[in-house]
Amino acid sequence: MTDRPRSGLAAVSTALLEMSRQLEVRDVLKTIVVSARELLDAEYAALGVPDDHGGFAQFVVDGVSEEQWRAIGPLPRQHGILAAMLHNEKPERLDDVRDDPRFEGWPAAHPDMSDFLGLPVRDGDETIAALFLANKRSPVPDRGCGFTAQDEELLGILAQHAAIALTNARLYERSRELTIAEERSRLAHELHDAVSQKLFSLRLTAQAATRLVDRDPARAKGELQQIAALAAEAADELRAAVVELRPAALDEDGLVHTLRSHVQVLDRAHTARVTFHAGVLRALPAAQEEAVLRVAQEALHNALRHSGAEHVAVRLTRFGHGALLTVTDDGRGFDPGAVHRAGRHLGLVSMRDRAGGVGGTLTVHAAPGEGTTIEMEVPGG
């Protein structure tokens, strides 16, 4: 690698940094493929992640248009050279892949390929993907394989870092899945408790109204009015739960738009007024944006279901290089001195954990009869 020009080393460094920044598995795979093709000056590049059924769970290409890719048809199976890369540890560098005895042809719409360089992407003893390049662009005087031993060495370095990036992305996605599962479990528990209580009260009140209809119509009317109020509260609980179960569109829409949409839906679903204001913000790392959103949701949940507030205000403003989230309600408040009981009831421990997990802080301002303000500061990237 010492005879590679400085610009080449800079390109390698850029590619490795870009790989390390990606958190989604699909983004990592695409970054690996694009980086490999550009760095080694190949016409085509691909990376396949095998499944357990003789095919590929994911197969990412670069250098092939979307139209070509659709015309090629289904994902390839694990056969020929692809199978060799998945089951052998050594790289494959071929003058012409079509002359190799393991070559089994390709679909009619598949681009024509000749010189070939491929190798497995390994995590310890496990092969987690196969990475290959085809059709070196630079001329080859002896008409042999365009890919050199130096190219093979560089691709090996990329593959090692690709294995780390891909493993980290899988762990990140697994962590998000667990977080979503935890959120759904929490919501299911709260939904069961809240709605079950409302329905139980509805049943008892309806029974009381039935007994009073003949002998005390006035009291029966009062019980029926109570039934209507309980039914409205139960409907609010159900609507709020549905809102929280919807997946947040942070990746597509960003924190401000996602939080604004969430507030707008809550404002329509509840009798309390819910408002949102956002200043000009710098982009935050994905983990911080998710933490801010989850703390905002928890604080809104508390304000709308437990505080009796008429107005809840959410503000998201710039704070140094990071952001400041403020959720304020004019409800009944609580005594911060009773921190253990209040913290367990209002999820303050969970919110503090979320804030601390991304290097932020959470502050609670509350007093009986004076409402509650939750502030979360995050430092930014």
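The model is predicted: local features need pLDDT of at least 70, side-chain atom pairs count only at pLDDT 80 or more, and totals for chains, interfaces and linings use all residues. Residues are numbered from 1 along each chain as its sequence is written, and side-chain values use heavy atoms, leaving out hydrogens and water.

Start with the whole chain. It holds 10 helices and 10 strands. These are DSSP runs, numbered from the N terminus: helices are H or I with at least four residues, strands are E with at least two. Of the 381 residues, 45% are buried. Buried means under 20% relative accessible area, exposed over 50%, and partly exposed in between, with a 1.4 Å probe and protein chains only. The accessible surface comes to about 20,300 Å², and carbon and sulfur atoms own 52% of that. Areas come from the Shrake-Rupley method with a 1.4 Å probe; for residues, only the protein chains shown count as cover. Among contacts with a separation of 6 or more, 62% link residues 24 or more positions apart. A contact means heavy atoms within 4.5 Å.

Now the sheet. Five strands form an open sheet in the order S2-S1-S5-S4-S3, with antiparallel pairing. Strand S2 (56–62) and strand S3 (92–94) stand at the edges; each has a single partner strand, so one side of each lacks a neighbour in the sheet. Neighbouring strands are turned by 15° against each other on average, direction ignored. Two strands pair if DSSP finds at least two bridges between them. Strands S4 (residues 116–123) and S5 (residues 126–136) run antiparallel and are joined by 8 bridges. Leu119, for instance, has Leu131 in S5 as its bridge partner.

Helices pack on this sheet. Helix H2 (residues 25–39) touches strand S1 (42–50), S2 and S5, and its direction makes about 40° with that of S2. Helix H4 (residues 80–87) lies across S1, S2, S3, S4 and S5, running at about 135° to S5. Axes are lines fitted to C-alpha atoms, for helices over the stretch in contact; angles run from 0 to 180 degrees between N-to-C directions. H2 has 15 residues and reaches 21 Å from its first C-alpha to its last, close to the 21 Å expected at 1.5 Å a residue. That expected span is 1.5 Å times one less than the number of residues. Buried residues of H2 include Val28, Ile32, Val33 and Leu39.

Two backbone angles deserve a look. Most residues other than glycine have a negative phi. Asp41 is not a glycine, yet its phi is positive, about 55°. Asp41 is found in the loop between H2 and S1. With 29% relative accessibility, Asp41 counts as partly exposed. Asn135 has a positive phi too, near 65°. Asn135 belongs to strand S5 and, at 12% relative accessibility, counts as buried.

Finally, the cores. A nonpolar core is a set of buried Ala, Val, Leu, Ile, Met, Phe, Trp, Tyr and Cys residues joined through side-chain atoms within 4.5 Å. The largest has 36 residues; among those that touch the most other members are Leu259, Leu300, Val314 and Leu325. Helix H8 (286–306) is one of the elements that give two or more residues to this core, and H8 gives the most, with 9 residues. A second, separate core of 31 residues includes Val33, Val60, Val121 and Ala159.
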